[in-house]
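Visitor: I am new to this structure and would like a close look at one part of the picture. Could you take me through the salt bridges?

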Amino acid sequence: MKRFSGLLSVVAVAAGLALAAAPAMAQQPQLPPMPKVKQSTPAAIAAAKEILAMKNVAVMYAGAVPGIIEKTKTGLLQQNLNYQKDLNEVAIIVAKQFGGSEKEIGEGMAQIYASEFTEKELQDLVAFYKTPLGDKLLKAEPAAINGSLQYMQQWAQQFGVIVNDQFKAEMKKRGKDI
């Protein structure tokens with residue numbers, strides 16, 4: 001499930017941006033509409049939801065609501081230090097009020113998936129993920145992606161040293177030590 005940590009960062013950044021804009025909105029705040037994508041059949045959306053569940057993508061956004069609530073509370077607390085007790089109590093109330101709202105993210109993701117694939121393709125993917133190879137892919141892919149990302153980071157660091165040394169060598173040819 002680590003493969004979704006990068007996306008969690010994106011969610012956190014988006015939440016931060018939303019919080020920055022919140023005071024400017026005096027009217028009743030509204031959630032963004034579902035993504036505007038081509039219409040899909042209910043069967044395609046159901047298949048997309050099944051694929052997302054098989055891939056356990058809910059892990060990506062499971063902490064979105066508590067994270068946004070905590071970030072909001074912390075931001076308000078920085079401006080209102082003497083309201084710490086109240087803000088802690090209000091955070092619990094707000095968390096109860098909005099608990100489960102992150103499911104809207106899953107709905108949007110399913111619509112996006114369903115717009116990118118045909119109903120038949122989605123059903124074929126569901127069938128594939130239910131095969132031994134598909135099951136292995138679901139289980140092994142996170143480790144393969146994480147290993148690949150770690151390798152890429154190590155490679156980039158080592159390559160950066162080589163490139164830095166080459167810059168220094170070229171500059172030395174010009175009589176400039178850096």
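Guide: Let's begin with the term itself: a salt bridge is a side-chain nitrogen of Lys or Arg within 4 Å of a carboxyl oxygen of Asp or Glu. Side chains of opposite charge can pair when their charged atoms come close. What you see is a predicted model, where local features need pLDDT of at least 70 and side-chain atom pairs count only at pLDDT 80 or more, while totals for chains, interfaces and linings use all residues. Residues are numbered from 1 along each chain as its sequence is written, and side-chain values use heavy atoms, with hydrogens and water left out.

Searching the whole structure turns up eight salt bridges. One of them joins Glu107 to Lys49, with 3.0 Å between the closest N and O atoms. This pair links distant parts of the chain, 58 residues apart: Glu107 belongs to helix α6 (residues 103-116) and Lys49 to helix α2 (residues 42-54). Helices here are DSSP runs (H or I, at least four residues), numbered from the N terminus, as are strands (E, at least two). To say how open each partner is, we use relative accessible area: buried means under 20%, exposed over 50%, and partly exposed in between, with a 1.4 Å probe and protein chains only. Glu107 has 32% relative accessibility, so it counts as partly exposed. Lys49 is partly exposed because its value is 35%.

Helix α2 also holds Glu50. Glu50 forms a salt bridge with Lys130, and the closest N and O atoms are 3.0 Å apart. Lys130 sits in the loop between α7 (119-129) and α8 (132-173), so this pair ties together parts that are 80 residues apart in sequence.

Now follow the chain into α8, where Asp135 and Lys139 are found. They form a salt bridge too, with their closest N and O atoms 2.9 Å apart. What separates the two along the helix? Asp135 and Lys139 are four residues apart in helix α8, so about one helical turn lies between them. Asp135 is partly exposed, at 31% relative accessibility, and Lys139 is exposed, with a relative accessible area of 62%.
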